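Visitor: Could you walk me through some contacts in this model, taking the rings and the helices in turn?

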Amino acid sequence: MRRSAAPSQLLKRAQQHRLPFASPAAKRPCPTPQEDVPQKAEPQKQEQSSAVKVRSASDILSVISKSSTLEENGTKNENENFSSSEFGGQSNSFTQDVDLSPLTETNCNVSHHSNVAGTKNSLGNVRSFNAPGRQLAGAHRGWNRPQLSGRPPNTIRSLPGEENQAPSETKYYAVVWCKLSRKKHKNWEGDAILIVKGRSVTLKDLEGKEIGRGSGYKLKDLGSLEEGSTLPVGGKEVEIQNVISAESYALGHCFQGEVTVTEKAESSSRLPKPKPKPFRLPTLGRPAGPACSSTEAENMPLFNPSLPDALVMPRPPAQHQWHHNSGRTSVVDVVVDPHLASQLRPHQQEGVVFLYECVMGFHLQTGCGAILADEMGLGKTLQCITLIWTLLKQGPYGRRPVVRRVLVVTPSSLTSNWRKEFKKWLGKERLGVFVVDQQNKVEQYTSQQHTPVMIISYEMFLRNSEVIEKIGFDLIICDEAHRLKNPAIKTTHLLASLPCKRRILVTGTPIQNDLQELFALVDFANPGVLGTPSSFRHIYEEPIVASQQPNTPLTEKELGASRASQLNRITSLFILRRTQDIINRYLPPKAEYVVLCQPSETQQALYSEVVGCRSLRRCFTSLEPGDHLSAILALRKLCNHPALLAVSEESENKNELSKEISTFMPSHLQAGVYDEADSGKLAVVSCMLWALREGGQEKIVLVSNYTTTLDMLASLCVRYNYPYLRLDGSTPSAKRQKLVDSFNNKCSTDFVFLLSAKAGGVGLNLVGASRILLYDIDWNPATDLQAMARVWRDGQHRKVHIYRLLVTGTLDEKMYQRQVRKQGLSGAVVDARDSERVHFSTEELKDLFTVHWDTACLTHDLLECECDQQGGSGAPPQKTAQEPERACQLGGAGNITIDAAHPTKTMDQLQNWYHLAPPLSSTLIKDHCLEAASDFVTFLFYNESRTEVVKQ
Ligand SMILES: [Zn+2]
């Protein structure tokens, strides 16, 4: 019984991995305790173990740790671990189940059983939880053991607590039902599912909604149910049609809305083949190309499928040919235009194949929709354009084009972007594109025979939907499609009612986190594939959501998990989502620098005064979050440039702190006059820009979270005649694309791009620059990563340099440490919206506001690294096979203590970077920009990688 090793190991493991066990039932194969517990001897144990299992991870940990003490002491009452209300609730609900009213008046073949059984059962349940010690032992047994095979196919699990029970499993039957009556001739009203569990039954309609229940039946009667048996359930009577397997029930197969897929499609959808083997055609050897005569054309692919780089679409499955090629025209390979195919990355090729299979209806029998939910920056537009171009020119049956007209609906800010993308990839001549705007009315489009593509904003679509419906499109593409998640709004409704089966929804927003939204989008793309809203709710949403609640019984966890995986299986047939990770490996190398800047004398003096001033110290006792936020803001401005303290940010009110600061502001610091000598960071930037400008053609993006800081950087550019562009929150969306295009243009003379960290939200592409400098970092590493992704992204061909500037010993450094500790250098994405809502304890605030002038790098001090600060002996930043170990590598996390509350693991990653003190050795970093700024740099962390630095 005693298993003392397990809990301690688990606890250790869970701590190490920071709780990957949050939902053990959902993620791992569910252990089945009944198989390792002798059932008759200790029937209570099963229920107990499941009660333990369903708890949240922290509860599990506490249970485990308690259980180990418990096993050692053997005296503690486990009631501590289980709230009595929980069991009260359980027995209550059981009592409610006892609804036998109609049974007494029927002459059915199942005799009435008194509800004593129910009471006994509920008592049995309660009693079972009072058995001390055992349940906990059972808990880790159930949790630890791998699942044993040999569970009877119709069983989910046994019902506990009932003595002398033989059929302890849940059984499922397909039934027909009608109102309870004495009539001989029954008028069956519908199909339903009967769930038999112990002495109770539940009746659900085909949408999963409960329509009746009863309990107190005789086990013998329930055990002998077979085809043709009848049974009263509530006020209804049912007749058994056939047995349903537990698996079918768990997956929701037995309900309506189960999706039918073709065999072939299912296998291909799991692993979309980027390049299926080209079919060799009998006509091979002749020049394959557009210049064929019409009779030959039918049998010839448009492009040569046998070329090594040809991207050939999968052929239609037999079933598809049966339905869609009744004329028995020859099946021709659909080959993507080599002009486009050669530009597609592998994941984009996969995407095009996937979309093709979806809109052709290879995956589903009932729908031709797809949802392309790739993360931002993976080239969703290009994948769509490739598909459009392919379908407009080709088709598998006699090469007939699959579509003639295509409608692209986008937010108004993206219409011109779509036009430009078409032009970029296909040129003006190949494909006519009509963009609806003030000048170009929808009505004009109808007269344009040779313009197959129409691009329209959602707003314009709303105004013109009637005309558009008449035009008749064969393929609709909705960009930023998460705006269609509300089926009640008019745009969604009108778009959904267009008579066009082929629909592609494009969105970069993850859509699988909210089941309602998921349903709305899926139902738009493939109407009905997940059933009605009501059946979706009963069959998927409710069990899945319920299974994620703490204290859910194991059976419900299992049901939720299998419904979730079933839902996932269905949706993966037409939803494709890949993350940024997939292309990082194709990106050019990047060098990252964390540059510790020497604070100027003015900065040091002012900083010490500000952190000592009365208004700032007040926030240690104040409960008003505004107080410490304004203190943080003041210090961050001071780090950027002391003169910024004289300027108010837009949203900022004159508060007491700024009034107090103005009393000791040096007189030479005036708003709008930014001397480099007064700010270490500005001095560094100034030197870097100068060196970069001298060095040649490279461009740089400067990022700040503050518009006033951008003003300051703009004035620096003006002073030295550096041509610059600026994009911030006030830039109208119509102008943004122009700015970006201008900057990325190789011929443009723009040298600096000033970017507000928060304005660069969606899809800004600044690959014209190969360097990006974060003048001030954000609390949230995701914001910084997004900024970096403007430059280090698909389409970038040069090595990218990323600089983060921090003022040595100040709040800057502490913010960076917080970033690193929290997220690691890879900066696993957190919700970017919460970056301003950071909460601090008084201790944390005191630490944040403590300044350290006596160090070259506080962060390096914290690492307790004893390196030579010259990057070791020319050693590498990363431990890779080809490169030797770094000299200052201290190894294990045990050596580094920063904060007991935070794991130091992520700081280890910084340990693996180069640690450099000035003068910055030119041989090592080879960065002429930074070398020029060496005088103002106190320390440097540096890392270079071909791929993402940290993958853990
Ligand atoms: Zn070091």
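Visitor: Which residues form one aromatic cluster?

Guide: This is a predicted model, and rings are paired here if their centres lie within 6.5 Å. By this rule the count comes to 16 aromatic pairs. One aromatic cluster is formed by Tyr593, Tyr803, Tyr914 and Tyr942.

Visitor: What kind of aromatic pair do Phe536 and Tyr540 form?

Guide: Both residues belong to helix 21, where they are four residues apart, about one turn of the helix, and both Phe536 and Tyr540 are buried. The ring centres of Phe536 and Tyr540 are 5.6 Å apart, with 40° between the planes. Planes under 30 degrees apart count as stacked and those over 60 as edge-to-face, with the rest called tilted, so the pair of Phe536 and Tyr540 is tilted.

Visitor: What kind of aromatic pair do Phe939 and Phe941 form?

Guide: Phe939 and Phe941 are both buried, and their rings are 5.3 Å apart, centre to centre. The angle between the planes is 65°, and because planes over 60 degrees apart count as edge-to-face, the pair of Phe939 and Phe941 is edge-to-face.

Visitor: At what angle do the axes of helix 20 and helix 21 cross?

Guide: Two packed helices are described by the angle between their axes and the distance between the axes. Helix 20 contributes Leu515, Gln516 and Phe519 to the contact, and helix 21 contributes Pro533, Phe536, Glu541, Ile544 and Val545. The crossing is right-handed, and the axes of helix 20 and helix 21 come within 11 Å and cross at roughly 145°.

Key: Residues are numbered from 1 along each chain as its sequence is written. This is a predicted model: local features need pLDDT of at least 70, side-chain atom pairs count only at pLDDT 80 or more; totals for chains, interfaces and linings use all residues. Side-chain values use heavy atoms; hydrogens and water are left out. Axes are lines fitted to C-alpha atoms, for helices over the stretch in contact, and angles run from 0 to 180 degrees between N-to-C directions. Helices (H or I, at least four residues) and strands (E, at least two) are DSSP runs, numbered from the N terminus. A crossing is left-handed if the near helix is turned anticlockwise from the far one by less than a right angle, and right-handed if clockwise. Contact means heavy atoms within 4.5 Å. Rings of Phe, Tyr and Trp (its six-membered ring) pair if their centres lie within 6.5 Å; planes under 30 degrees apart count as stacked, over 60 as edge-to-face and the rest as tilted. Buried means under 20% relative accessible area, exposed over 50%, partly exposed in between (1.4 Å probe, protein chains only).
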